[in-house]
Amino acid sequence: VWKGDAGGVTLEYCCPLMPIYSKIVKHPIDLGRVCRSIRRRLYQNTRAIRLDMWRIFANCVKFQTDPRNRDSAVPSFVSIALHLRAYFNALWQEYMIPSDPPPPVSSASGSKNRLALIHANHSWEKREEARKARFIQLSTTILSAKCIGRAASAIQEFTDSGGKVDVLDEQRLFHDGEDDVETFVHLLQRLKTKLQEIASSNREYTMDELRRSMRD
């Protein structure tokens, strides 16, 4: 929960559990901070991004299992954090590996290059298997009207703010008048309208349909 001036001058983190949280979690971080740091190009490499994401999940588990937080702990948050960490790892494996398959391993390759190609091919094959399994698992998942409505609202907030991550983000991602941006915003607005119509109709809408809608 944030309080203060949204301009970023007097913003401070405010939470009833903050005194005990700061004693348990020595390196607090949240998803908004990670996203803002990516936007501002503050990370030196992708490994640093991954470590900060892992720290988010680790902090949650640490805080919810610490004896000093026994009265305020929510045990289910531990399983949720572990589930989200596994999901993040799957997405990282899927999207951080190049889409094009690496060249095949040949006998002409040097020893070091050969090992690198073997590892790259193995990672690519593993990524393709994980992607297929995830698509099959999620394709029949039915989204609730409330979830669809929230997605539409999030798209509207994103376009209205110029692509800002949250109220702490002072930099707009895009500005009016740019041709490519106008096309991008138009497509987002069209997706938002479609989601609003689906949420109002209360018809079944699956993750697979959402994925197709995002590609249209």
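## The pair Glu209 and Arg203

In this predicted model, glutamate 209 and arginine 203 form a salt bridge, and their closest N and O atoms are 3.5 Å apart. How accessible are the two partners? Glutamate 209 has a relative accessibility of 22%, so it counts as partly exposed. Arginine 203 is at 40%, and therefore also falls in the partly exposed class.

Let's move on to helix 8, which covers residues 207–215. Here the side chain of aspartate 208 meets that of arginine 211 in a salt bridge, with an N to O distance of 2.8 Å. Because aspartate 208 and arginine 211 are three residues apart in this helix, about one helical turn separates them. Arginine 211 has 27% relative accessibility and so counts as partly exposed.

Aspartate 208 also meets arginine 212 in a salt bridge, this time at 2.5 Å from N to O. These two residues are four positions apart in helix 8, again about one turn of the helix. With a relative accessibility of 44%, arginine 212 counts as partly exposed. Through shared partners, the salt bridges join Asp208, Arg211 and Arg212 into one network.

## Helix 2 against helix 3

A handy piece of geometry first: two packed helices are described by the angle between their axes and by the distance between those axes. For helix 2 (residues 31–39) and helix 3 (residues 46–65), the angle is about 170° and the axes are 10 Å apart. Angles over 145 degrees count as roughly antiparallel, and helix 2 and helix 3 are therefore roughly antiparallel to each other.

Which residues make the contact? Helix 2 contributes Leu31, Val34 and Ile38, while helix 3 brings in Ile49, Asp52, Met53 and Ile56. By class, the residues of this contact are six nonpolar and one charged, with no polar ones.

## The chain as a whole

Stepping back, the chain contains eight helices and two strands.

What share of the residues is buried? Of the 216 residues in the chain, 25% count as buried. The chain exposes about 15,000 Å², and carbon and sulfur atoms supply 57% of that area. As for contacts with a separation of 6 or more, 61% of them in the chain are between residues 24 or more positions apart.

Conventions:
Residues numbered from 1 in each chain as written. Predicted model: local features only at pLDDT ≥ 70, side-chain atom pairs only at ≥ 80, totals over all residues. Heavy atoms only, no water. Axes fitted to C-alpha atoms, helices over the stretch in contact; angles between N-to-C directions. Parallel < 35°, antiparallel > 145°, perpendicular 65-115°, else oblique. Contact = heavy atoms within 4.5 Å. Nonpolar A, V, L, I, M, F, W, Y, C, P; charged D, E, K, R; others polar. Salt bridge = Lys/Arg side-chain N within 4 Å of Asp/Glu carboxyl O. Buried < 20%, exposed > 50% of the residue type's maximum accessible area, 1.4 Å probe, protein only. Areas by Shrake-Rupley, 256 points an atom, 1.4 Å probe, with all protein chains shown as cover.
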